[in-house]
Amino acid sequence: MKNKAKLLAYPYIVWIAIFIIIPLLLVLVYSFTAGNIHDTSTLTFSLKSYEKVFNILYLNILWKSFKLAFISTFLCLTLGYPVALIISRAKAKNKSVLLLFFLVPIWMNFLLRTYAWMAILSPNGFINRLLKIVGLPSLAIMPGQTAVVIGMVYNFLPFMVLPIYTVLSKIDKNVLEAAMDLGANKLLTFIKVILPLTIPGIISGITMVFMPAVSTFVISQLLGGGKELLIGNLIEQQFTVQRDWHFGSALSIILMIMILISMAFMSKADKGDEGGATLW
Amino acid sequence: MSKKLIELKNITKSYNDMVAVDHINISIRENEFITFLGPSGCGKTTTLRMIGGFEDPDEGDILFDDIRINNVPPYKRNINTVFQRYALFTHMNVYENIAFGLRIKKTPSNEVDKRVKRMLKLVDLEGFEKRHVDSLSGGQQQRVAIARALVNEPKVLLLDEPLGALDLKLRKEMQIELIDMQKNVGITFIYVTHDQEEALTMSDTVVVMNKGIIQQIGTPVDIYNEPKNKFVADFIGESNIIEGIMHEDFLVEFSGKKFKCVDKGFSKNEKVDIVVRPEDIDITTPEDGLLEGVVTSVVFKGVHYEMLVESKNYEYMIQSTDMQREGSQVGLSFSPEDIHVMKG
Amino acid sequence: MVMKCIKRLYMGLIFLFLYAPILVLIVFSFNESKSRGYWGGFTLRWYAELFRDRDIIKALYYTFIIALLSSIISTIIGTFSAIGLHNMGLFGRKMILNINYLPVLNPDIVTGVALMTLFVSLNLRLGFLTMLISHVVFNIPYVILSVLPKLRQMNKHMAEAALDLGATPFIAMKKVIIPEIMPGIITGALMAFTLSIDDFVISFFNTGSGVTNLSIVIYSMAKRGVKPSINALSTLMLITVVILLLLINKRSTKGDELLP
């Protein structure tokens, strides 16, 4: 039965060859070539695209993307951990209500959520109007890096909270009692027992925030007003407006590699990977 | 007579509308191995947790060394606990688990090392320092939990059904080890179990509980031989419990006959419950027996045969190596010392 | 107690942060004036305009159809592939799973761009079909992710028991395995559906010929500035989401676990 069952996977192998492996190979090939992409005969091997990346202009953009993603991830972690902790300690009936209402925003469309901040932060937006009424000078938050960070934190905070909450809720109550039994007060129990046990959740959360944050182009476009270009915007431009697919591919490959390196880094820190359970 | 270490005065605890522990009073002495025994839900674990500080009593006082400790948190009590499912710290190895309490108290490293190594020797886990707790068997995890608690040299060790998850043979070995440990270390062990055999094997004192109330306190021998009421008689060992009447001191009637017995102090013709242990009944010929009956069931149990004999509307259980066939007529015989009369 | 107050205050602030933007949108969806500063009076006209807006209606239609089709297709392919993978040797399985998870691990811009280059080099016109295919591509891994653990949890002797009792492998699959892993299948399908409905980046790069989805439409509108009918859309969306989640939660309190 086993032998027959595994045949079920073979069509999928063909599928992933066509739709996952080949596309990535194409991008790789384009990154290492120059010429007209619509006419394969004009393609020649070239490192021009990669050299272009090393222009200070583009390196700045790379740096800015990572910087903003780090800041957002850090904020999500420091703001989100207490949330996970509070919810995990809530009384049973409050717990499900809290979780429910915490999850409502992420079920709303991602663009709507980002757009919502435009309404608040823009020069004519809610905050500034309010400030005007009170007589205070307006804040030029948007467009700008701060607005982008706010947008990132807003969108990705639940993805930091959920994995941490999942791990917290799995900690055996007896283990906490054991720590107290052995002389640790509440603070020490948190530092020496709870925190270390939630590290897998923290790493999950960091991964689920950092990755989309560093590669976004929507948030930076809408809240950065097109002036705060991140690597995502750069790539998007190459494939739409600029039509330099080779450069775009090179940038994509570099983005991919940098993310794979960060994730390898992360999974080294986390000795027990569960694969399936860490997504929710 | 060693001094009183812990006193529970009028302790009561309820959950929602259910009374888990109902006004219990008990003193626990230094160096005592005392076991709270009873079925699930009798309140024994709740009592233990209150002593440990994980639950607060609704009413009553808990005294430790004559000081009221109701409001003292667990980390300030000189008591340590071995939890039912060990509750080991999975992110630390064996050494760090055991050292945890010492590190909290900021014990110097060389002292920590000395004491942890001594503990590992005591629980027979030398060489396991660096092992991860997940890689250990149930019995080994058990011993780490014990070491982790004992290394802090508490005055009292609380054990919440610690052997429940082990297989039979290992459980029996651990029982003996725990008894030895208690004697060596010389501190009070407060043990909770639902296994009456375990309680009888290990304890100096047994506290039988049911529905939140203490049924009887005594040594294992007392509890077994002189159960105070039907519940204790039924819970401890196998019993034949028959209703009867106590005519006068040393004379009781049941199963249609009067028997000489060794109990006194009941009112004339008081309704009583009589206990006769299966192993105390001998099988004789129908003519020689005090009672006559028919064998209705014979089961081989290895160490003896367990037989049911019906006599005068009661099915007596007999444990004997003297096998009888089902359906045969037999006589039952026992001596006056084997008849135990309890209040009905 | 001080701690309790701090906790409540903190959670209150967090929820304020989460809901403030949405609430602002909702309030201004009833605003007569287009501006986000002035209150020009209560009106429902933006809702009316929303229902008259062809672009939005069309986008909603495509969003829903693609999500539905994609989740169905990916659930079927994903479930059978998971069963196949579960019965494969360790080495092959690991390798395929690692490749399978690439769309999950990669940022969506890379996945989107890569698929686009595939379609273009095959000279396929970007439109409904390409959008559908790209959704299926990133949905299947999530289905496998949900189904595989359930297969692992399943007692491996179950299938053998079925065969022992006379079932052919096909019947064993239909009557024993599939019902047993159904929770995983449903979760996978729901995840696929949700991800499709909300997708922007991958759709953005792989569609054309007038086929759009909700996210793309909002993006183009937002780039050009504010359109009050988007506010109206937000309100309706919030109501829908809250109702859905309440329904799910009600079902889950009757036994199955959807919230941890």
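Which helix of chain C holds C:S203? C:S203 sits in helix α10, residues 201-206 of chain C. This is a predicted model.

**Around C:S203**

- C:S203 is buried, because its relative accessibility is 0% and the cut-off for buried is under 20%.
- The side chain of C:S203 makes a polar contact of 2.8 Å with the side chain of C:H135.
- With neighbours within four places in sequence left aside, C:S203 is in contact with C:M131, C:H135, C:N213 and C:I216.

**Where chain A meets chain B**

- Chain A brings 19 residues to the contact, and chain B brings 21 residues.
- The size of an interface is often stated as the accessible area lost when the parts come together.
- Here chain A and chain B bury about 1,800 Å² between them. Carbon and sulfur atoms account for 64% of that area.
- There are 2 salt bridges between chain A and chain B.
- One of these salt bridges joins B:R85 to A:D172, with the closest N and O atoms 3.6 Å apart.
- Polar contacts between chain A and chain B come to 5 residue pairs, both residues at pLDDT 80 or more.
- On the side of chain A that touches chain B, the elements giving two or more residues are α9 (173-181) and α10 (186-197) of chain A.
- Helix α9 of chain A gives the most to that side, with 8 residues.
- By type, the residues on that side of chain A divide into 10 nonpolar, 3 polar and 6 charged.

**Aromatic pairs**

- Over all chains, the whole structure holds 36 aromatic pairs.
- The rings of A:F102 and C:F15 form one edge-to-face pair, because their planes stand at 80°; their centres are 6.3 Å apart.
- That pair joins two chains, because A:F102 lies in helix α5 (residues 92-107) of chain A and C:F15 in helix α1 (residues 2-29) of chain C.
- C:Y62 and C:F128 form a tilted pair, 6.1 Å centre to centre, with 50° between the planes.
- The C:Y62 and C:F128 pair links distant parts of the chain, 66 residues apart. C:Y62 is in helix α3 (residues 54-86) of chain C, and C:F128 is in helix α7 (residues 128-153) of chain C.
- C:Y62 is buried, at 18% relative accessible area, whereas C:F128 is partly exposed at 30%.
- Ring pairs also link A:F217, C:F200, C:F204, C:F205 and C:Y219 into a cluster.

- A:L255 lies in helix α14, residues 245-269 of chain A.
- Is A:L255 buried or exposed? A:L255 is buried, with a relative accessibility of 0%.
- A:L255 and A:V214 are 41 residues apart in sequence, yet 8.7 Å apart in space, C-alpha to C-alpha.
- Beyond its neighbours within four places in sequence, A:L255 is in contact with A:V214, A:S215, A:I231 and A:I235, among them.
- The contact list of A:L255 also includes C:P107, C:I109 and C:V110 of chain C.

**Positive phi in chain B**

- Which residue of chain B has a phi near 60°? B:N10 does, a positive value in a residue other than glycine.
- B:N10 lies in strand β1 (residues 4-15) of chain B.
- B:N10 is partly exposed, at 36% relative accessibility.
- B:E161 is not a glycine either, and its phi is positive at about 45°.
- B:E161 is found in the loop between β7 (156-160) and α5 (168-185) of chain B.
- B:E161 counts as buried, because its relative accessibility is 12% and the limit is under 20%.

Definitions and conventions. Residues numbered from 1 in each chain as written. Chains lettered and ligands numbered in written order. Predicted model: local features only at pLDDT ≥ 70, side-chain atom pairs only at ≥ 80, totals over all residues. Heavy atoms only, no water. Contact = heavy atoms within 4.5 Å. Buried area = accessible area lost by both parts, 1.4 Å probe. Salt bridge = Lys/Arg side-chain N within 4 Å of Asp/Glu carboxyl O. Polar contact = N/O pair within 3.5 Å; in protein donor to acceptor, adjacent residues only side chain to side chain. Helix = DSSP H or I, 4+ residues; strand = E, 2+ residues; numbered from the N terminus. Nonpolar A, V, L, I, M, F, W, Y, C, P; charged D, E, K, R; others polar. Buried < 20%, exposed > 50% of the residue type's maximum accessible area, 1.4 Å probe, protein only. Phe/Tyr/Trp six-rings, centres within 6.5 Å; stacked < 30°, edge-to-face > 60°.
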